[in-house]
Amino acid sequence: MITTEEEYILINRILAGEKQLYATLVDKYKSYAYTIAMKILENRSDAEEAAQDGFIKAFHYLKSFNRQAKFSTWLYRIVFNTAISYKRKVKPAFQSIETSIIEYSERADHQTEQDDKKIFIVKAMNRLNEADRLAIQLFYIKEFNMEEVAEMMGQNINTIKVRIHRARLRLADELKGLLKQEALTL
Amino acid sequence: MNKLSPAKEEELLRYLDGELETSHKIKLEAELQGAADLKERLEELRVIRSFLTSKATLETPPKTFTQKVMAGLDTQPVKSVFSPRKGLLLLMGVIIASVLALMLLSNGVFDQTNTSLLVDTTPIKNKWIQETTFSIPFNGKILVNGIIFLNLALALVLLDRTVLRPLFQKRSSVGY
């Protein structure tokens with residue numbers, strides 16, 4: 001694991017022309033970058049392409065990295081924006097609520113209660129507004145704190161806090177509603 | 001179940017996140033003993049929290065990920081030809097030019113430019129052209145009006161590209 005100081009030295013060497021060293025930074029941050037892109041695009045190949053594109057952009061703009069923030073935060077913001085641009089280009093797949101409920105009913109007999117709840121929460125998550133969903137998903141990725149999520153999404157930390165709390169309450173409401181609906185159909 | 005107040009729900013979230021001070025926590029735990037509604041809501045929020053925590057795993061990118069990035073480093077990212085800064089400067093220039101032209105127009109500077117371009121009066125007429133020539137009417141005011149109109153159309157396009165479109169794209173991307 002390289003420290004922040006070592007990372008700055010590495011960046012200086014990359015900027016001086018040793019571009020092969022960039023692979024060290026890619027290896028260190030690729031899982032996070034890929035996960036961010038996956039949360040936004042929800043598709044492996046698109047996420048891979050967007051995350052790679054983000055790394056390539058970061059390499060070309062490395063000179064403009066002012067070292068006031070962490071390199072990782074700066075990089076994740078680039079990946080986040082790149083994935084958002086990809087999302088605008090990709091046509092969203094439509095799935096009606098009715099279809100999803102039917103899918104659930106067919107599978108209900110084979111799931112444990114815990115699995116059922118998970119399915120419900122995933123469905124409830126998809127009903128959140130996109131910014132709230134992304135805020136909550138990014139916040140619950142290992143090691144991301146609220147400040148980092150705020151910087152990544154280019155929003156105020158208080159806005160992110162409100163988004164995360166609102167999303168958690170909304171998910172709880174949705175889960176209760178869906179379970180109640182399920183109980184009525186039994 | 002009665003709807004809890006937003007403050008109480010916030011308290012439950014902070015309790016689950018371990019953010020409450022000990023005295024506050026003890027008070028809430030005592031309150032939970034006698035309130036079925038509160039207990040039920042806490043349980044719902046706990047389920048959500050444990051689900052979100054369990055989903056907090058990192059995705060594993062394909063093995064060739066780093067290789068592909070390194071292979072792509074020589075390709076320059078597509079830069080926007082029209083940077084917002086350049087666009088705004090151009091927009092200001094267009095607006096200033098239009099305002100100046102309007103001021104000159106309203107001061108009647110172009111009122112005296114009603115004329116005809118007569119080919120008959122040119123020195124080459126007698127020497128080279130024997131036939132009857134024609135004249136072209138020229139009105140400076142109409143010309144300047146046309147230029148101002150084109151300038152305003154250009155200003156609208158610039159406003160759209162440099163201010164409105166990026167603003168709405170940013171807003172839609174964060175889902176306001």
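Predicted model: local features only at pLDDT ≥ 70, side-chain atom pairs only at ≥ 80, totals over all residues.
Chain A has a mean pLDDT of 83, with 83% of its residues at 70 or more. Within chain A, helix α3 (residues 44-60) has the highest confidence, at a mean of 95, whereas helix α5 (residues 97-107) has the lowest, at 41. Over residues 94-108 of chain A, pLDDT stays under 50, and the model has 4 contacts beyond four places in sequence for this stretch. Readers may wish to keep these values in mind when looking at helix α5 of chain A, where the mean confidence is 41.

Helix α1 of chain A covers residues 4-15, and its 12 residues should span 16 Å at 1.5 Å a residue; the C-alpha atoms at its ends are 16 Å apart, so expectation and model agree. Following α1(A) comes Gly17(A), which has a positive phi, near 125 degrees.

Turning to chain B, the model contains 7 helices and 2 strands. Along the sequence these elements are arranged as α-α-α-α-α-β-α-β-α. Chain B has 176 residues, of which 10% count as buried.

Gly93(B) sits in helix α5 of chain B, which runs over residues 84-106. Although 62 residues separate Gly93(B) from Ala155(B) in sequence, their C-alpha atoms are 9.2 Å apart in space.

The two chains also meet each other. In the model, 39 residues of chain A are in contact with 30 residues of chain B. On the side of chain B that touches chain A, α1 (6-16), α3 (36-54) and α4 (65-72) of chain B each contribute at least two residues. Of the elements of chain B, α3(B) gives the most to this side, with 7 residues. By residue type, the side of chain B that touches chain A comprises 16 nonpolar, 8 polar and 6 charged residues.

Key
Residues numbered from 1 in each chain as written. Chains lettered and ligands numbered in written order. Helix = DSSP H or I, 4+ residues; strand = E, 2+ residues; numbered from the N terminus. Contact = placed C-beta atoms within 7 Å. Nonpolar A, V, L, I, M, F, W, Y, C, P; charged D, E, K, R; others polar. Expected span 1.5 Å × (residues − 1). pLDDT = per-residue confidence, 0-100. Buried ≥ 20, exposed ≤ 12 C-beta atoms within 10 Å, placed from the backbone.
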